[in-house]
Amino acid sequence: MKKLAVGLACVATLFCTAVSAKEVRLASDFTYPPFNYKNSAGEPVGFDIEIADALCQEAKLDCTWVAQSWDALIPSLLARKSDVIMASMRITDDRKKKVLFTHKYYQTPARFVTRKSADFTLDKAGLTGKVIGVQQGTIHDRYVTDKFGAVADIKRYTGQDEVYIDLQNGRLDATFGNADQLSLAFLDKADGQDFEFKGDAVTDKAYIGEGTALALRKQDQALAEKLNQAIETIRANGTYDKIAAKYFSFDIYGENL
């Protein structure tokens with residue numbers, strides 16, 4: 001994928017409507033390994049990045065990356081500072097009111113992680129007074145806030161990598177997030193050896209959503225359809241599975257979720 005300094009020529013005016021060119025600016029926060037992050041050279045890498053490369057190639061789009069903080073992704077999209085969000089964003093009813101989602105490109109449950117020695121339960125009684133770390137503005141933030149915000153201290157971070165640092169240093173009692181990201185980026189690493197999943201996986205679609213997808217402005221239906229067709233094609237021709245196998249030893253697409 002070309003790493004160009006500019007994206008669409010279309011400017012943010014009242015007369016600027018749908019994306020009409022082949023140049024598309026993809027936005028991510030790059031704080032979510034192994035899905036989207038930056039390598040030592042500062043280049044975007046990860047599962048999301050490679051899937052985006054494949055989709056842009058299939059749809060014959062010239063794509064460039066734009067860095068945004070997680071909580072600025074949707075506002076920046078609506079303000080035309082980007083054209084597509086490609087950042088492991090889950091499809092939820094609240095978000096569907098603001099943006100147009102493509103078909104899902106993966107689906108995973110969410111879980112809590114605590115120290116192995118933790119002896120509290122994952123209910124209001126057990127989490128009373130506990131500190132739970134989450135990435136700000138995510139569905140995981142919403143879930144723990146709705147369920148335990150009245151009894152626990154919810155500490156919010158701009159990136160999931162920051163959560164792991166505070167979890168290790170004892171400033172958090174638990175974190176809640178994407179089960180696969182928690183496993184691959186933390187529990188499977190040396191830094192996570194003293195931690196484990198606690199409780200059952202959460203699959204409630206009211207919170208966890210209907211899958212993870214790309215997000216666009218609602219008027220960009222033609223571009224969304226191009227991307228939907230590209231998702232179907234790379235799923236059918238083996239490109240998706242080839243990319244997924246580089247990162248996961250399980251079905252990340254989530255056929256049964």
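Reply: A crossing is left-handed if the near helix is turned anticlockwise from the far one by less than a right angle, and right-handed if clockwise. Helices (H or I, at least four residues) and strands (E, at least two) are DSSP runs, numbered from the N terminus. The model is predicted: local features need pLDDT of at least 70, side-chain atom pairs count only at pLDDT 80 or more, and totals for chains, interfaces and linings use all residues. Residues are numbered from 1 along each chain as its sequence is written, and side-chain values use heavy atoms, with hydrogens and water left out.

The crossing of helix 6 and helix 7 is right-handed. Their axes (lines fitted to C-alpha atoms over the stretch in contact, angles running from 0 to 180 degrees between N-to-C directions) come within 11 Å and cross at roughly 60°. That makes helix 6 oblique to helix 7, because angles under 35 degrees count as roughly parallel, over 145 as roughly antiparallel, 65 to 115 as roughly perpendicular and the rest as oblique.

Helix 6 (160-168) and helix 7 (179-187) each give at least two residues to the lining of the second largest pocket. Helix 7 has the largest share, three residues. The pocket holds about 170 Å³. Its lining includes Pro33, Tyr164, Phe186 and Lys189.

On a 1 Å grid over the protein atoms alone, a pocket is an open set with protein on both sides within 12 Å along at least five of seven lines; a cavity is a set of points where a 1.4 Å probe fits but cannot get out; lining residues have an atom within 4 Å of a point. Points are joined across faces, edges and corners, and a volume is the space filled by probe spheres set on them.

Helix 6 and helix 7 also each give two or more residues to the lining of the largest cavity, as do strand 6 (84-90), helix 5 and strand 11 (174-178). Strand 6 has the largest share, four residues. This cavity has a volume of about 180 Å³. Of its 22 lining residues, Tyr32, Trp70, Ser88, Thr138 and His140 lie nearest the centre.

Trp70 turns up again at the largest pocket, among the residues closest to its centre. That pocket has a volume of about 320 Å³. Helix 2 (73-78), helix 3 (93-96) and helix 5 (139-148) each give its lining two or more residues.
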